[in-house]
Amino acid sequence: MVVNKRGALDVYDTHFVMPTYKLYYFVGRGRGEHCRHLFKLAGVEFEDIRYDGVTWPPHKDEMPLKQIPVLEVDGVKIGQSLAISRFLGHEFGFAGKNRLENAQLDMLADVIMDIYNAPGINEWPYVLLGMKEGNKDEYFRDVVLPALDKQAPLVESFIEKNGHHLLFGDKVTWVDVVAAEFFSRFIDFGAQDGLKKYPNIEGLVKKVHSLPAIKEHIAQRKPCVA
């Protein structure tokens, strides 16, 4: 067995050989960026394969669900961003200490995904990319923020109750990384005061994105629109 930098046992490989990781996603942030953050935070190398509108279609049928992000581990492909993040969280030691804690983290992750998929917020990237008609500023003000206000108070209360500017416990988990990347978009692609109603969520974003490895990645990444 191998003990990683977070103290987690890597039972995946009993021959002390690190798995080979490939992450397939588009050139932007979208639903793949928090997966990249987990790799950076763990200090684990991976092949970051990025497609655009031209290069993606020929590879679509190679993916298990005909969509991305997809994580490939030693030739085995895993779809769905939350499944990927959960796997990486367990692999790299950013999960709970036991099954009960992991169930609580799964609950919180599902809450975040409910907001991801909420009407209005779910369509927002298409407006940002020009794939859906609408003025970006007006759409954010009139559609995205009201949708956020229906969901975010629950997350705000979880962070306030837990303390530490985190969703669970006193150490950063994979769910904090997912949440921080998601909520940061309301500032980066919306408005500088996009989270002004939610100081605890904003505090979580600042805490996670101030971690040296993630901070460096953010500073070096190319600008994108979604």
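I started with surface patches, which are made of residues with over 30% relative accessible area and no salt bridge, like charges being joined within 9 Å and nonpolar side chains (Val, Leu, Ile, Met, Phe, Trp, Tyr) within 5 Å. Accessible areas come from the Shrake-Rupley method with a 1.4 Å probe, and for residues only the protein chains shown count as cover.

**Entry 1: ground rules.** I noted that this is a predicted model, in which local features need pLDDT of at least 70 and side-chain atom pairs count only at pLDDT 80 or more, while totals for chains, interfaces and linings use all residues. Residues are numbered from 1 along each chain as its sequence is written, and side-chain values use heavy atoms, with hydrogens and water left out.

**Entry 2: the patch.** I found a nonpolar surface patch of about 410 Å², made by Tyr126, Leu129, Met131 and Val225. I placed Met131 in the loop between helix 4 (124-128) and helix 5 (136-162); helices (H or I, at least four residues) and strands (E, at least two) are DSSP runs numbered from the N terminus. Met131 has a relative accessible area of 59% and is therefore exposed. The cut-offs are under 20% relative accessible area for buried, over 50% for exposed, and partly exposed in between (1.4 Å probe, protein chains only).

**Entry 3: domains.** I looked up how the protein chain is divided and found domain 1 (21-92) and domain 2 (99-210). These bounds come from an automatic or database domain assignment. The C-alpha centres of the two domains lie 21 Å apart. I read that 14 residues of domain 1 are in contact with 18 residues of domain 2, contact meaning heavy atoms within 4.5 Å.

**Entry 4: cores.** I next looked at nonpolar cores, each a set of buried Ala, Val, Leu, Ile, Met, Phe, Trp, Tyr and Cys residues joined through side-chain atoms within 4.5 Å. The largest has 60 residues, and those touching the most other members are Ile121, Leu148, Val155, Trp174, Phe183 and Phe186. Helix 6 gives the largest share of this core, 11 residues. The core lies between domain 1 and domain 2, because both give residues to it. I also noted a second, separate core of 8 residues, with Tyr24, Tyr25, Tyr51 and Met63 among them.

I then listed the contacts of Ile121: leaving out residues up to four places away in sequence, Ile121 touches Ile115, Tyr116, Val144, Ala147, Leu148, Phe182 and Phe186.

**Entry 5: helix 7.** In helix 7 (residues 199-209) I found buried residues including Asn200, Ile201, Gly203 and Leu204. Their cover includes helix 1 (33-42), helix 5, helix 6 (174-190) and helix 8 (212-220).

**Entry 6: salt bridges.** I read that the structure holds 12 salt bridges, each a side-chain nitrogen of Lys or Arg within 4 Å of a carboxyl oxygen of Asp or Glu. Arg29 pairs with Glu181, their closest N and O atoms being 3.0 Å apart. Arg29 is in the loop between strand 3 (21-26) and helix 1, Glu181 is in helix 6, and the two are 152 residues apart. Both Arg29 and Glu181 are buried.

Glu33 forms a salt bridge with Arg221, with closest N and O atoms 2.8 Å apart. Since Glu33 lies in helix 1 and Arg221 in the segment after helix 8, this pair ties together parts 188 residues apart in sequence. Glu33 has 1% relative accessibility and so counts as buried.

The side chains of Glu181 and Arg221 also meet in a salt bridge (4.0 Å, N to O). I noted one network, joined by salt bridges that share partners, that includes Arg29, Glu33, Glu181 and Arg221.
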